Amino acid sequence: MLNRSPIAGEVSSWSCNYPYLEIDRIHLEIKDLEEMMCRLNEQANLFEVSCPDFKHVPIVRKELRLLKILWDYIIIIRSWFRDWEDTQWTRIDSEAMDMELKKFSKEIRSLDKDMRNWKIYLQLESMIKNMLTALKAVAELQNPAIRDRHWQQLMTATKVSYSY
């Protein structure tokens, strides 16, 4: 439903710069809708007329809650990745990073199943998988069995010069 709901705007996009501000703004809008629903229900009861059930509002409330949880994971995982990107080549602990990535992967898979088709969830999942793949390559390149000629071939193929 997220892709068709009122909260499917910028806050459900990977490029959202201030997701928590957007989530707070949408929360206030939903709160206003819920208050209006209560007033309408009271007035409908007063005049003994039927009132619509407003079934979409609780769905949007739930999606917003799930989206906030997902953004918590995105922020945490992005910060871990930034820390790892700043780590010097020789100091990368590929085993610890691998364990942490697998933990992140397991945690996001345990989230509500409704989230699994959301584009932003799929992007997070892809980001973790890509880092796991890259980490395997880093672990292999850290292996002392890699000879100078392999490093030379790697530098030639990537057109990047670096010391190892």
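1. A word on terms before we start: two residues are in contact when heavy atoms of theirs lie within 4.5 Å. Please also keep in mind that this is a predicted model.

2. With that in hand, which residues does Asp 98 touch, leaving aside its neighbours within four places in sequence? The partners are Leu 132 and Leu 135. Asp 98 itself belongs to helix α3, which covers residues 94-109.

3. Is Asp 98 buried or exposed? Its relative accessible area is 18%, and the cut-off for buried is under 20%, so Asp 98 counts as buried.

4. On to the rings: the model holds three aromatic pairs. One of them joins Trp 80 to Phe 104 in an edge-to-face arrangement, with 6.0 Å from centre to centre and 70 degrees between the planes. This pair links distant parts of the chain, as Trp 80 sits in helix α2 (residues 56-85) and Phe 104 in helix α3, 24 residues apart.

5. How accessible are the two partners? Phe 104 is buried, at a relative accessible area of 3%, whereas Trp 80 is partly exposed, at 32%.

6. Which residues make up the cluster that ring pairs link together? Trp 80 and Phe 104 belong to it, along with Phe 81 and Trp 84.

Methods. Residues are numbered from 1 along each chain as its sequence is written. This is a predicted model: local features need pLDDT of at least 70, side-chain atom pairs count only at pLDDT 80 or more; totals for chains, interfaces and linings use all residues. Side-chain values use heavy atoms; hydrogens and water are left out. Helices (H or I, at least four residues) and strands (E, at least two) are DSSP runs, numbered from the N terminus. Buried means under 20% relative accessible area, exposed over 50%, partly exposed in between (1.4 Å probe, protein chains only). Rings of Phe, Tyr and Trp (its six-membered ring) pair if their centres lie within 6.5 Å; planes under 30 degrees apart count as stacked, over 60 as edge-to-face and the rest as tilted.
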